[in-house]
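Reader: I am new to reading protein structures. Could you take me through one, feature by feature?

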Amino acid sequence: MKKIGFFWGSTSDNTKDAAEFMQEYLEGEGYEVDSKDIGEVDVEDLQNYDKLLIGCPTWNIGELQDDWDSVFLKFKELDFKGKTAAFFGCGDQTGYPDNFLDAIGILAKPFMDNGGTLIGRASREPYEFRESVALDGDELLGLGLDYDNFDEDENDELMIPWLDQIIKEFG
Ligand SMILES: Cc1cc2nc3c(=O)[nH]c(=O)nc-3n(C[C@H](O)[C@H](O)[C@H](O)COP(=O)(O)O)c2cc1C
C-alpha cells in the first residue's frame, strides 16, 4: 500500500518546512502521507504504519529535538519488525561539526536494532564536518539538510533525488 506514516519534530520550523515539501512531493508521486508533529501524537502511533518517514533536527550539541527527546525512551523500546523507514534531519555543519546530524543516528540505530529495515542512506559528500552519530562508514544513515549554511534551493536539490531514492527503496 502506498501509505506513509510521516513523523517529524521541529523547534524553529526548518524541519517542519522540509516536511511540508516532502509531503507534497510524495503525494505528487501517488503516496498517501499521514504527516504528524511528534509533539502532538503518541509515539506508539508509529506502529500503525509499515512505511515510515522520520525527521528530527539535532539540538543542544548532539541531542534530539525536544519533542523527540521526550518520547525517546518509549521509541527505543518499540518493535520495528516488518517496518521500513527513512530518516532525515536538519543540522548545522559549520556550527556543530563534531555533532552534525547526530539525531539521525540516535533514532536510526535503535530502529535497526529492533528489527526495522533502514532505507534512505545518503552520501556524506556535500557536507563539511568532522563527526556524526549518523555516519556509518562513508555514508549517513539518512538525509541531512542544513538551512544554516545551504539556501532553500540547495536543500530542495538534496531532497528531490533522495525522495526519488526512497520511493524506489520502499518498493
Ligand atoms: C543551541 C543549538 C544547538 C544546536 N546543536 C546542533 C548540533 O549538535 N548538531 C547539528 O547538526 N545542529 C545543531 N544545531 C542546528 C539545528 O539543528 C538547525 O538550526 C536546525 O535547522 C533546526 O531545525 P528546526 O528548525 O526544525 O528545529 C543547533 C542549533 C542551536 C541553536
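Reader: How do the residues of the shell around the ligand divide into nonpolar, polar and charged?

Author: Note that this is a predicted model. To read a shell, sort its residues by type. Here there are eight nonpolar, eleven polar and four charged residues.

Reader: How many residues surround the ligand, and which are the closest?

Author: The shell has 23 residues. Ser 12, Asn 14, Thr 15, Pro 57 and Gly 91 are the closest. Next, look for the elements that supply them. H1 and strand S4 (58-59) each give at least two residues to the shell.

Reader: Let me turn to H1. What span does H1 reach from its first C-alpha to its last?

Author: Start with the count. H1 covers residues 14-28, which is 15 residues. Its span is 21 Å, close to the 21 Å expected at 1.5 Å a residue.

Reader: Which residues of H1 are buried?

Author: Count neighbours: a residue is buried if 20 or more other C-beta atoms lie within 10 Å of its own. In H1, that picks out Asn 14, Thr 15, Ala 18, Ala 19, Met 22 and Leu 26.

Reader: Why do residues three or four places apart point the same way in an α-helix?

Author: An α-helix has 3.6 residues a turn, so residues at that spacing point the same way. Now take the other side of H1. Glu 24 and Gly 28 are exposed there.

Reader: What do the buried residues of H1 pack against?

Author: Look for contacts with other elements. The partners are strands S1 (3-8), S2 (32-37), S3 (51-55), S6 (84-90) and S11 (143-145), plus helix H4 (152-170).

Reader: What follows H1?

Author: Check the backbone angles there. Gly 30 follows H1, and its phi is positive, near 95°.

Reader: Where is Asp 45 placed?

Author: Asp 45 is in the loop between S2 and S3. Count its neighbours too. Asp 45 has 14 C-beta neighbours inside 10 Å, so it counts as partly exposed. Then compare chain and space. Asp 45 and Phe 7 are 38 residues apart along the chain, with their C-alpha atoms separated by 9.3 Å.

Reader: Now the whole chain. What does its secondary structure come to?

Author: Four helices and eleven strands. Buried residues make up 43% of the 171 residues.

Reader: What radius of gyration would a compact globule have with 171 residues?

Author: It would be near 16 Å. The chain has 14 Å, which agrees. The C-alpha trace spans about 40 × 35 × 30 Å along its principal axes.

Note on methods:
Residues numbered from 1 in each chain as written. Predicted model: local features only at pLDDT ≥ 70, side-chain atom pairs only at ≥ 80, totals over all residues. Expected span 1.5 Å × (residues − 1). Buried ≥ 20, exposed ≤ 12 C-beta atoms within 10 Å, placed from the backbone. Contact = placed C-beta atoms within 7 Å. Rg over C-alpha atoms; globule rule 2.2 N^0.38 Å. Near = placed C-beta within 6 Å. Nonpolar A, V, L, I, M, F, W, Y, C, P; charged D, E, K, R; others polar.
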